[in-house]
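Here is a short briefing on one protein model. Take the sequence and the coordinates together, then work through the topics below.

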Amino acid sequence: MDVLNLGILAHVDAGKTSLTERLLYAAGVIGEVGRVDDGNTQTDSLALERQRGITIKSAVVSFTIGDVGVNLIDTPGHPDFIAEVERALSVLDGAVLVVSAVEGVQAQTRVLMRTLQRLRIPTLIFVNKIDRAGARSDGVLRELTAKLTRNVVPMGEATDLGTPAADFKPIVQDDLLLDVLADHDDDLLQRYVDGVPLHLDAALAAQTRRAIVHPVYFGSAITGAGTDALTNGIRDLLPRARTTDGPLDGTVFKVERGPAGEKIAYARLFSGSLAVRDRIRYGDTDGKITALEVFGDGTTLRAGQIGKLWGLTGIRIGDTITALGDDSTHRRAGVTAFAPPTLETVVTPRKLSDKGNLRVALTQLAEQDPLINLRQDDLRQETYVSLYGEVQKEVIESTLATEYGIEVDFRETTTICVERIVGTGQAVEFNKKDPNPFLATVGLRVEPAPVGAGVTFDLEVELGSMPFAFMKAVEETVRETLHQGLHGWQIPDAHVVMTHSGYSARQSHAHAVFDKSMSSTAGDFRFLTPLVLMAALRQAGTTVHEPMHRFQLEIPTDTTRAVLAALARLRAIPQVPAPAAETSTLEGEIPAAAVYELEQQLPALTRGEGVLESAFERYQPVTGPIPERPRTDHDPLNRREYLLHVQRRV
């Protein structure tokens, strides 16, 4: 049986979970259609999902349409869970983008559609809620053409809009269909001019599968209107999963824990096959599959299919699955790259006795979502987590309470900045020479690196000048220390060169065992390196950069002056506005720290008609006071306090 891995995407409350229920009901998988309001849907399993009526974690459900097995992935629509959308997109063959017939195209709809187009994922558009009061058809079609793509093809017309009797008539207008298809197919246009019979259905299917055009269906997931036509479109217009006989190649897009705490990995195979007891390589390690469940049918996971894998204790989201002994890196086009979160907050347990359990629980949550970066402050006994938005706080709070029995509080959300090296600096401390108290010689030079280059570490000393373990200790400590620069922010890009090395050979007093006071250990290099690196950084200098978002605002033209004044107060940098008779568009950049405040002010400024779309764009130098981040290490910038702490530990 052919397989289609299908994603359902939409802005918040467009009805994608309800559409999932309707498709499952039509396929005979469930006996009745669940409702988000009643909390009895198949895919929203988290308590907070049922409570708020939103999807947080992507879910996979299987059903068949004729001879096609469909793995349906119901993805989140809220911007705070864009990382979940990212992971779902990496395994899709096609998608259904749901738009509300009442609210129309929203900011998040645009973000999703742009991503689908960039990744060339074939997409159908389903205009939902035609039975609701205020439902529109022509108006929504104009919005789709103006705000998403002009390459849309209405697959019929909606009748009795805004009433319980609303329905969809699947009648395609050949003239309109020909106009859209001919724009991308010169041969089709030539055949039309020559009077040769045209096969528009085949041409529509071909261009849809190439993600060139996007068929549009109208309907209601609640009443079932239009869903039969959509089902036929999924079967006839979207491509099947490609299957190849190449080497094992798959990707993990979700990790969860079972009732006994065991890890369960959701993976899609692009080539090869997997069975129970197979040994595979994933990430930087290997393991044996102890159990396997294939969505759809079968006991062997084959190319194109999605399955759940047990037994891989170190598995993480984003890991590539390959055959044992295959060290090649498989890179596939189509894996999106969303920006990392730019906000963070401190999580504290309400009961002091839960401190240890909280750290374990957050570590497990970070395994399921690698973009929940944890930063542990051992000095203050605090844990920081990174966020996309405020709603994620509720998700973390609910998950910790329901799954781990831990009640927590959050501090005020702050922005995550970065530091960049300005010039070149170097420092060295020699073994057995004051003021160095450690049996080690370390010399380092730091230099700026291009944005995105990461941290590179090179040697200007002979590799055999001291034991490799000591060299490795210096490199590892350099990378760890650069997580906190001169102002406490991470330095993501740097070139570090080791210029001096030296150690005290292993020795002891006569007839005695190994003596640490006379011989160098890896600890000497780990404790000395931060002091040398910070001295080099002081000489080089760093600047703090804050995250900036690219924004686009659609507002009533008569509110432009008030909105521009608000943007100025929020330190935004708008471009020259493009005024229009009724609606104007403002574009520009705004500090990430001000996005949430702008969202809160926008309804009052625009009578509730303003639409904001924003996404991370770049980092730029901070103007004004330099923000400092509390250090979570022993502060190697303060030599006296640092030595008091680490020598006490020794």
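The structure holds 27 salt bridges. The model is predicted. One of the salt bridges pairs Arg526 with Glu476.

**Salt bridge across the chain**
- In the pair Arg526 and Glu476, the closest N and O atoms are 3.0 Å apart.
- Side chains of opposite charge can pair when their charged atoms come close.

**The seven-strand sheet**
- What is the order of the strands in the open sheet of seven? The order is β14-β13-β18-β10-β11-β17-β15, and the pairing is antiparallel.
- The edges are β14 (285-288) and β15 (291-294), and each of these strands pairs on one side only.
- On average, neighbouring strands of this sheet are turned by 35° against each other, direction ignored.
- Strand β13 (residues 279-282) pairs with β18 through three bridges, in the antiparallel sense.
- Across that pairing, Arg281 faces Thr322 of β18 as its opposite residue.
- Strand β18 (residues 320-323) is also joined to strand β10 (residues 249-257), again by three bridges and antiparallel.
- Here Gly250 has Ile321 in β18 as its bridge partner.
- Strand β10 pairs with strand β11 (residues 263-271) as well, antiparallel and over eight bridges.
- In that pairing, Thr251 stands opposite Arg268 in β11.
- In a regular strand the side chains alternate between the two faces of the sheet.

**The four-strand sheet**
- A second open sheet has four strands in the order β25-β26-β28-β27, and its pairing is mixed.
- Its edge strands are β25 (425-429) and β27 (455-459), each with pairing on one side only.
- From one strand to the next, the twist averages 20°.
- Which strand pairs with β26 (residues 440-447) over eight bridges? The partner is β28 (residues 494-503), and the two strands are antiparallel.
- Gly443 stands opposite His500 in β28.

**Negative surface patch**
- Which residues form the negative surface patch? The members are Asp174, Asp175, Asp179 and Asp201.
- Helix α6 (residues 174-182) gives the largest share of the patch, three residues.
- Asp179 is in helix α6.

**Backbone details**
- Where is the cis peptide bond that has an omega of about 5°? This bond joins Asp434 and Pro435.
- Pro435 sits in the loop between β25 and β26, two strands of the four-strand sheet.
- Arg571 has a positive phi, near 65°, although the residue is not glycine.
- Arg571 lies in the loop that runs between α14 (560-569) and β30 (573-574).

**Recap by element**
- β18 has antiparallel pairings with β10 and with β13.
- β10 has antiparallel pairings with β18 and with β11.
- The seven-strand sheet is antiparallel, whereas the four-strand sheet is mixed.

Definitions and conventions
Residues numbered from 1 in each chain as written. Predicted model: local features only at pLDDT ≥ 70, side-chain atom pairs only at ≥ 80, totals over all residues. Heavy atoms only, no water. Pairing = 2+ DSSP bridges. Patch = residues over 30% accessible without salt bridge, like charges linked within 9 Å, V, L, I, M, F, W, Y side chains within 5 Å. Areas by Shrake-Rupley, 256 points an atom, 1.4 Å probe, with all protein chains shown as cover. Salt bridge = Lys/Arg side-chain N within 4 Å of Asp/Glu carboxyl O. Lys, Arg positive; Asp, Glu negative; His and termini not counted. Charge placed at Lys NZ, Arg CZ, Asp CG, Glu CD. Axes fitted to C-alpha atoms, helices over the stretch in contact; angles between N-to-C directions.
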